[in-house]
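Colleague: Hi! Could you walk me through this one? I'm new to it.

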Amino acid sequence: MLLTKEEVRSIFLDSGALMHGHFKLSSGRHSSEYWEKFWVLQYPDRVQLLCSEIARRFALDNIEVVLGPTTGGILLAFEVARQLGVRALYAETEGDKRALRRGLQLAPNTRTLIVDDIMTTGLAVQECLDLAAIHQALVVGTAVLVDRSGGTVNLGTRQEALLTIDVVSFDPSECPLCQSDAPITKPGSRKLS
Ligand SMILES: [Zn+2]
């Protein structure tokens with residue numbers, strides 16, 4: 001079943017994962033929108049639905065392994081792999097990069113799909129690409145639920161995003177929400193400077 005961009009956006013909105021208001025982002029900039037992926041990741045049935053769209057897009061690509069970065073990415077890797085009937089692997093942090101821990105194996109030329117939840121700078125997905133390269137895996141493509149970069153991140157491979165958005169943010173001195181005296185929220189789980 002095909003999932004449209006509008007349906008993906010509704011799932012985030014209905015889960016409270018897409019909030020509207022006046023937010024101070026971790027970058028220090030202000031925005032009228034805030035995305036908290038864990039609000040959608042708390043609903044397994046919604047995650048299952050979102051992952052079905054990723055699985056649908058790669059159904060004919062003979063994927064052998066789905067690789068995702070901690071923490072949200074491993075939930076998606078698990079579910080996409082379950083739907084494709086293949087193995088999931090988890091890219092965990094080790095020092096300043098990603099590694100397969102606990103002796104888990106990724107053999108050379110394994111047809112690998114990399115998944116993650118929300119891509120902003122593409123760093124976590126790039127780290128998974130680096131990890132796949134170390135193991136000489138064959139990366140078929142990458143898929144994220146939301147590309148917040150507005151499509152500007154180029155990973156040099158097939159890239160799928162269920163939703164691509166351009167987050168509008170303001171320097172605090174130029175923020176129209178500040179000028180209208182809207183109370184500001186500092187979203188909970190982020191470190192704020
Ligand atoms: Zn502001």
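Modeller: Happy to. One term to begin with: a residue is buried if 20 or more other C-beta atoms lie within 10 Å of its own, exposed if 12 or fewer, and partly exposed in between, with C-beta atoms placed from the backbone. This is a predicted model, where local features need pLDDT of at least 70, side-chain atom pairs count only at pLDDT 80 or more, and totals for chains, interfaces and linings use all residues. Residues are numbered from 1 along each chain as its sequence is written.

Colleague: So is arginine 102 buried or exposed?

Modeller: Arginine 102 is exposed, because it has 7 other C-beta atoms within 10 Å. Its phi is positive, about 60°, although it is not a glycine.

Colleague: And where is arginine 102 found?

Modeller: In the loop between strand 5 (97-99) and strand 6 (111-119); helices (H or I, at least four residues) and strands (E, at least two) are DSSP runs, numbered from the N terminus.

Colleague: What about asparagine 109, buried or exposed?

Modeller: Asparagine 109 counts as exposed, with 10 C-beta neighbours inside 10 Å. Asparagine 109 is placed in the loop between strand 5 and strand 6, and has a positive phi of about 70° although it is not a glycine.

Colleague: New topic: which peptide bond is cis?

Modeller: The one from threonine 70 to threonine 71, with omega near -5°. Threonine 71 sits in the loop between strand 3 (65-69) and helix 4.
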